[in-house]
Amino acid sequence: MTGPASGLRELVLVTGISGSGKSIALHALEDAGFFCVDNLPPELLREFVRVERQRAAEQHPDRRVAIAVDVRSAGSLPHLLPLLAELKGEGVAIRSFFLDASTEALVRRFSETRRPHPLSQTDDGPGAGDGRRALVDAIELERELLTDLREASSVLDTSHLRPAQLRAWVRDLVQADRSRLTVVFESFAFKHGVPRDADFVYDLRVLPNPHYIRELRALTGRDAAVAAYLEQQPEVGEMLSQIETFLRRWLPAFAQDQRGYLTVAIGCTGGQHRSVYAVEWLCRRFGAEVSALVRHRELDARE
């Protein structure tokens with residue numbers, strides 16, 4: 001193969017648990033200018049890349065391609081990671097995103113759409129009943145089959161995301177500067193669960209809560225009045241300073257380890273005041289050094 005200058009600008013691999021939003025992610029990539037292929041068998045990936053690199057070199061030098069691979073190609077999945085490593089070694093710029101969601105969210109989505117899980121069919125036999133594996137069992141089997149692929153990818157938790165949120169988050173990710181480590185600072189509410197894609201989790205529930213100030217209750221951590229209140233609390237500044245110190249010590253190590261993507265999740269009780277303020281503060285502090293992205297899981301869900 002020729003060098004990356006004569007090939008594809010970018011190849012994005014989208015994979016993940018069935019029902020986690022892969023189709024929505026592909027549509028977002030298509031809107032962002034990617035040529036998208038759904039459920040490409042891994043055996044065809046090398047030939048597909050060869051054809052696309054040739055097309056990019058001859059006609060479309062800025063061509064970006066996205067493919068989706070999932071458990072429907074279960075028999076070929078063990079060969080996928082070694083193949084991706086080979087392609088990267090040959091100069092193909094590959095980014096792999098794994099979409100995940102809680103079992104509760106997946107069960108709800110399958111129930112709402114009435115679509116069968118791709119692994120729900122089982123061989124008949126003693127105890128097989130109607131020949132369909134319980135949905136939860138199928139989901140857990142799929143998690144097991146995709147474990148290695150998840151560990152080698154940037155994980156995106158879609159448990160609490162509306163389609164519009166997921167589309168926006170995917171667009172942000174592919175637009176991030178590939179030459180620098182991308183750090184996602186995400187606020188969340190502990191009462192709705194910790195994000196499954198978090199690499200670091202910080203708990204701000206011990207800090208003074210603006211929720212108990214009547215004038216601040218309806219506001220968010222992005223509002224000046226809430227920020228002013230939190231800035232006056234010494235323990236808020238102390239905790240944020242300690243988080244910043246930790247991240248400054250270890251982010252360079254992650255970058256040297258060729259990690260392209262890291263999620264720092266900041267949680268409070270409702271995901272409205274303290275965690276939102278902290279995420280905005282940290283993004284400002286690190287924005288000049290990394291490709292910093294902001295997510296507010298609970299606030300984004302309201303918009």
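Where does Val194 lie? Val194 sits in the loop between β6 (182-189) and β7 (200-203). Helices here are DSSP runs of H or I with at least four residues, strands are runs of E with at least two, and both are numbered from the N terminus.

Before going on, the ground rules. This is a predicted model, where local features need pLDDT of at least 70, side-chain atom pairs count only at pLDDT 80 or more, and totals for chains, interfaces and linings use all residues. Residues are numbered from 1 along each chain as its sequence is written, and side-chain values use heavy atoms, with hydrogens and water left out.

Back to Val194. Val194 counts as partly exposed because its relative accessibility is 40%; buried means under 20% relative accessible area, exposed over 50%, and partly exposed in between, with a 1.4 Å probe and protein chains only. Not counting residues up to four places away in sequence, Val194 touches Asp157, Phe188, Val201 and Arg297, where contact means heavy atoms within 4.5 Å. Between the C-alpha atoms of Val194 and Gly221 there are 19 Å, and the two residues are 27 apart along the chain.

Now the whole protein. The fold has eleven helices and nine strands. Its C-alpha atoms fill a box of roughly 60 × 55 × 30 Å along the principal axes. Of the 303 residues, 49% count as buried. Among contacts between residues at least 6 apart in sequence, 80% join residues at least 24 apart.

Next, helix α1, residues 22-31. Which residues of α1 are buried? They are Lys22, Ala25, Leu26, Ala28 and Leu29. These residues cover an arc of only 160° around the axis, so they are on the same side of α1; the arc is that of the directions from the helix axis to the C-beta atoms. In general, an α-helix has 3.6 residues a turn, so residues three or four places apart point the same way. The cover over the buried residues of α1 includes β1 (10-16), β2 (35-37), β3 (64-68), β4 (94-100) and α7 (163-175). After α1 comes Gly33, with a positive phi near 100°.

Last, a residue from β1. Leaving aside neighbours within four places in sequence, Thr15 is in contact with Lys22, Val69, Asp70, Phe97, Phe98, Leu99 and Leu149. Lys22 is also one of the buried residues of α1. Thr15 and Arg259 are 244 residues apart in sequence, and their C-alpha atoms are 18 Å apart in space.
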